[in-house]
Amino acid sequence: MRNRVAIVVQVALPILAALLVAPFSVRFEGFWPWDPRVVDLEVYQYTGQVLIQGGDILTARTPRDGLAFIYPPFAALLCLPLVLVTPVLLKALWLAAAAVAVVGVVHRLGLTGWWLSLAATAAVLFVEPVRETLGFGQVNVFLMAMVVLDLVPGPRLPPWRRRLLPPGVLTGLAMAIKVTPALFVVYLLLARQWRTARTTLIAAGAATLLGAVLMPRESLAFWQFLLAGDTRTGSTSFLFNQSILAATLRFAGNGMAVYYAGLALSAVVAFAGAWAAARWHVRGQPLLAVSLCGVATLLASPLSWTHHFVWVVPLAAVVVDRGLPALVRGFSAAFVVWVAAAEFKHLPWGEDVELTYGPAEQLLSGVTPILGTVLVGIALVEGHRSAKRTAQHSAETAAV
């Protein structure tokens, strides 16, 4: 009983921090009366209302901000319960749940007690992607937590709970909610984790099929939008889009040839990230493997807003792992610090001003995907070297 009370008290601090930071992380609103404009959460709740009323989620736009729902239809089904509570209560519950998700991830990384509470609170307050995710009411923290808690072994929170779902189910559901986690299937296959990969595909397929059966027209239209490259979110070259494609457009211009070159480079980095993740998984480093694959999904996706980069939270644990190569730890540290601070956001942005950047501004706006790509490359090379050294050591031992 005492342990349970201690856990509740330790989780309370990150929750309080989330409730405090949400009104100020995006728009600097007043704290009282407490009613932060978490615009993406408003989209989710509005989508649930549209579904109940028999409307079209493809054309619906929120009355206040004119924002569209851009996720697969299965994700729209998950919006239905959100209409059961008032907007203010939903915001409080959502932010509290997001803070608990951060606590769960940090606990899986090995921290306990007040160190766990303080580290999770620091992530909420000072890590820009986490803070912005809270400010927008986004799903990023939940999706990242689903994958980490699914694929990275470690202590559970609460500690008396046993695993309820087989490995792969949560990752598959994350894939059905937002397509980008599909790269984890590639990583699992390359790592020869056949059972987990199969479970992931079954879970993702079942959830996607459910959405298709209940909303066939919307499902077809969603995949048509996706294959056509229509994100329905405005200019791809926007500064806060920190993907490889966006950086390529800011560097080389907004032409179709540049666009396809950016997509090709994204695909190469995606495969390299999955391959590097598989190598480190085989080397007994699942946390590094999952973090690398998470970073690769951000780099490769055509649209990766700054608040999508919550993967720096598990990647931060890699920095302090002395069993890993110094280069991997060093570039991980550089990536985590740069993304967490997000100083590039001081550049001018909006209305395609990004396409007029000078060389220095172009470079500053592209540090995130450049650092991330270098990190993936170094991890791949170091993983190959580590495997080679192990093979040589095994051969020498066998010879003796």
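Select Arg64 and Glu42: they form a salt bridge (a side-chain nitrogen of Lys or Arg within 4 Å of a carboxyl oxygen of Asp or Glu), with the closest N and O atoms 2.4 Å apart. Arg64 sits in the loop between helix 2 (39–52) and helix 3, Glu42 in helix 2, and 22 residues separate them. Helices here are DSSP runs of H or I with at least four residues, numbered from the N terminus. Arg64 is exposed at 51% relative accessible area, whereas Glu42 is buried at 17%; buried means under 20%, exposed over 50%, and partly exposed in between, with a 1.4 Å probe and protein chains only.

This is a predicted model, in which local features need pLDDT of at least 70 and side-chain atom pairs pLDDT 80 or more, while totals for chains, interfaces and linings use all residues. Residues are numbered from 1 along each chain as its sequence is written, and side-chain values use heavy atoms, without hydrogens and water.

Next, select Arg217, which forms a salt bridge with Asp56, the closest N and O atoms being 3.2 Å apart. Arg217 lies in helix 11 (residues 216–227) and Asp56 in the loop between helix 2 and helix 3, so the bridge ties together parts 161 residues apart in sequence. Arg217 also forms a salt bridge with Glu218, at 3.5 Å between the closest N and O atoms. Glu218 is buried, at 11%.

Now go to the largest cavity, with a volume of about 180 Å³. Of its 16 lining residues, the closest to the centre are Lys178, Thr180, Thr297, Leu298 and Trp311. Helix 7 gives the most to this lining, with 4 residues. On a 1 Å grid over the protein atoms alone, a cavity is a set of points where a 1.4 Å probe fits but cannot get out; a pocket is an open set with protein on both sides within 12 Å along at least five of seven lines; lining residues have an atom within 4 Å of a point. Grid points are joined across faces, edges and corners, and a volume is the space filled by probe spheres set on the points.

Then select Ala101, Ala145, Met146, Leu149 and Leu170. The second largest pocket has a volume of about 950 Å³, and these are the closest to its centre among 35 lining residues.

Definitions and conventions. Helix = DSSP H or I, 4+ residues; strand = E, 2+ residues; numbered from the N terminus.
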